[in-house]
Amino acid sequence: MPIALYRIDDRLIHGQVVVGWGQPLELRFIVLVDDEVAGSEWEQELYRMGVPPEMSVYFHGVDDAVPRLAEYERMPEPGIVLTGNIATMQRLVAGAMGQVRAVNVGGVHHAPGRIGRLRYLFLTPAEEEGLREISAAGVDVTAQDVPTAKPVPLADILSATTST
Amino acid sequence: MGSAAIPVRAIVAGHGTFASGIVSAVEQIAGRGDLFATVSNTGLSLDDIQQTLSRALDDSGARVIFTDLPAGSCTMAVRRLLRERPGVLLVTGINLSLLLDFAMHDGDDSLQAAQAALERGRASMTVHGA
């Protein structure tokens, strides 16, 4: 399983991904799926410079990423697929038709209209629905910011409330 | 912390309480914690981190930002800001020796002080014993 993790994280490439998950999982590549970043050479350079030398970063829009997932699954070393929001992951899962078995919700932070579920997870009703639909497609959806934390199943996410 | 009206010379930004923690150490050692404004990424999206840092730059007039980790979200947000803010310097991967050196050279131009402090910070990492 060269793609060790499909992760939703609005910070995209950052400390938790590169160090927190990157080191224990020995990640050697990141597939960053984001239509906006895929269209911006400058953004790509920004992220490329943020990763350690042993990691490669590949950039795709969603439509472009779907047909390449099988190729990434055949890579000799493990990697991670990252999206910045739930809608993008939902499109990816739908397009990949069964290739994605599990989705890690790693960070969706506070914004107007979102309800706090976990310390690092705030969701609008539409985003909750998005997660339900991903799950309904047979994908195991859990929230977990760092590897040492306990994964929180979707049902528990949606029944949780936070005061922050 | 300390007496009033000391202009902020730099912003320290990082994970958790890294920034407030390392600045409290500068205060304890040199009494110069007031030279720094601090930003934490805890609970913030990338956009919010960027806005918080942008506000900190505007409010303080500082031209130097120190961050903890090269790939960290604060670092990424600052690098985004640098595009629209020429004249601002980012130093990432800082340690206490670096920050102290910067704090002790508050008469120098802040950009030059940051460059000089970089050497001190690098040199401070030493290994002893087996």
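The model is predicted: local features need pLDDT of at least 70, side-chain atom pairs count only at pLDDT 80 or more, and totals for chains, interfaces and linings use all residues. Residues are numbered from 1 along each chain as its sequence is written, while chains are lettered from A and ligands numbered from 1 in the order in which they are written.

I start with chain B. Its secondary structure comes to 5 helices and 4 strands; helices (H or I, at least four residues) and strands (E, at least two) are DSSP runs, numbered from the N terminus. From the N terminus on, the order is β-α-β-α-β-α-β-α-α.

On overall dimensions, the C-alpha trace of chain B spans about 45 × 40 × 25 Å along its principal axes. The radius of gyration is 14 Å, which agrees with the value near 14 Å for a compact globule of 130 residues; it is taken over C-alpha atoms, and the globule rule is 2.2 Å times the number of residues to the power 0.38. Of the 130 residues, 40% count as buried, meaning that 20 or more other C-beta atoms, placed from the backbone, lie within 10 Å of the residue's own.

Next, the helix pair in chain B. Helix α4 (residues 96-104) of chain B and helix α5 (residues 110-123) of chain B pack at about 145°, with axes 8 Å apart. Axes are lines fitted to C-alpha atoms over the stretch in contact, and angles run from 0 to 180 degrees between N-to-C directions. Residues in the contact include B:Leu98 and B:Phe102 of α4(B), and B:Ala117 and B:Leu118 of α5(B). Contact here puts C-beta atoms, placed from the backbone, within 7 Å.

Now the interface. 14 residues of chain B are in contact with 14 residues of chain A. On the chain B side, α2 (46-60) and α3 (73-84) are the elements giving two or more residues, and α3(B) gives the most, with 4.

Last, chain A. It has an open sheet of 7 strands in the order β3-β2-β4-β1-β5-β8-β9, with mixed pairing; two strands pair if DSSP finds at least two bridges between them. Strands β3 (56-60) and β9 (152-153) of chain A stand at the edges with a single partner strand each, so one side of each is left without a neighbour in the sheet. Strands β1 (residues 3-9) and β5 (residues 102-107) of chain A run parallel, joined by 3 bridges. In β5(A), A:Val105 is the bridge partner of A:Ile8.

Definitions and conventions: Contact = placed C-beta atoms within 7 Å. Buried ≥ 20, exposed ≤ 12 C-beta atoms within 10 Å, placed from the backbone.
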